[in-house]
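Please keep the sequence and the structure in view while reading.

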Amino acid sequence: MPVIVDSAWCAYMFDMHGSEVHVLDPAYTSVRIFVHREIHKLVHSSLAKCLSYFFDGWTLKSIDCWKLLYPTLPLFDLNQYELNSSLI
């Protein structure tokens, strides 16, 4: 699920069976953990409502059972995408 946090796009990937959310945040800092926790609360609540509406018998574990994981993203080199003027 794409989410924008302070002008930076992030991605939330839900492992429904493992009750884990993998948060890909290119601007990750320890301060942003609190923002992601609040976003997770909103998304968890909305997802639970959708599941109960569209699917019989499928529920989510309590939000207290979920783990937010922050995989390390490799450094991104913007220079690799600069247009080489000699090719034009």
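Does Cys10 count as buried or exposed? The model is a predicted one. In it, Cys10 has a relative accessibility of 5%, and because buried means under 20%, this residue counts as buried.

**Cys10 and its surroundings**

Cys10 is located in strand S2. Leaving out residues up to four places away in sequence, Cys10 touches Met1, Pro2, Val3 and Val5, and also Leu24, Asp25, Pro26, Arg32 and His36.

Strand S2 belongs to an open sheet of four strands with mixed pairing, ordered S1-S2-S3-S4. S1 and S4 (67-69) are the edge strands, each pairing on one side only. On average, and with direction ignored, neighbouring strands of the sheet are turned by 30° against each other. The pairing of S1 with S2 is antiparallel and runs over four bridges. Within these strands, Ile4 stands opposite Trp9 of S2. Helix H1 lies across S1, S2, S3 and S4, and runs at about 50° to S2.

**The core**

The largest nonpolar core has eleven residues: Val3, Val5, Cys10, Tyr12, Val21, Val23, Ile39, Val43, Leu51, Leu60 and Trp66. At least two residues of this core come from each of S1 (2-5), S2 (8-15), S3 (20-24) and H1 (32-54). H1 gives the most, with three residues. In soluble globular proteins, nonpolar side chains tend to be buried together.

**His40**

Which element holds His40? His40 has its place in helix H1. Why is His40 classed as buried? Its relative accessible area is 3%, and buried means under 20%, so His40 falls in that class.

| Residue | Element | Relative accessible area |
|---|---|---|
| Cys10 | strand S2 | 5% |
| His40 | helix H1 | 3% |

Conventions: Residues numbered from 1 in each chain as written. Predicted model: local features only at pLDDT ≥ 70, side-chain atom pairs only at ≥ 80, totals over all residues. Heavy atoms only, no water. Core = buried A, V, L, I, M, F, W, Y, C linked by side-chain atoms within 4.5 Å. Buried < 20%, exposed > 50% of the residue type's maximum accessible area, 1.4 Å probe, protein only. Contact = heavy atoms within 4.5 Å. Pairing = 2+ DSSP bridges. Axes fitted to C-alpha atoms, helices over the stretch in contact; angles between N-to-C directions.
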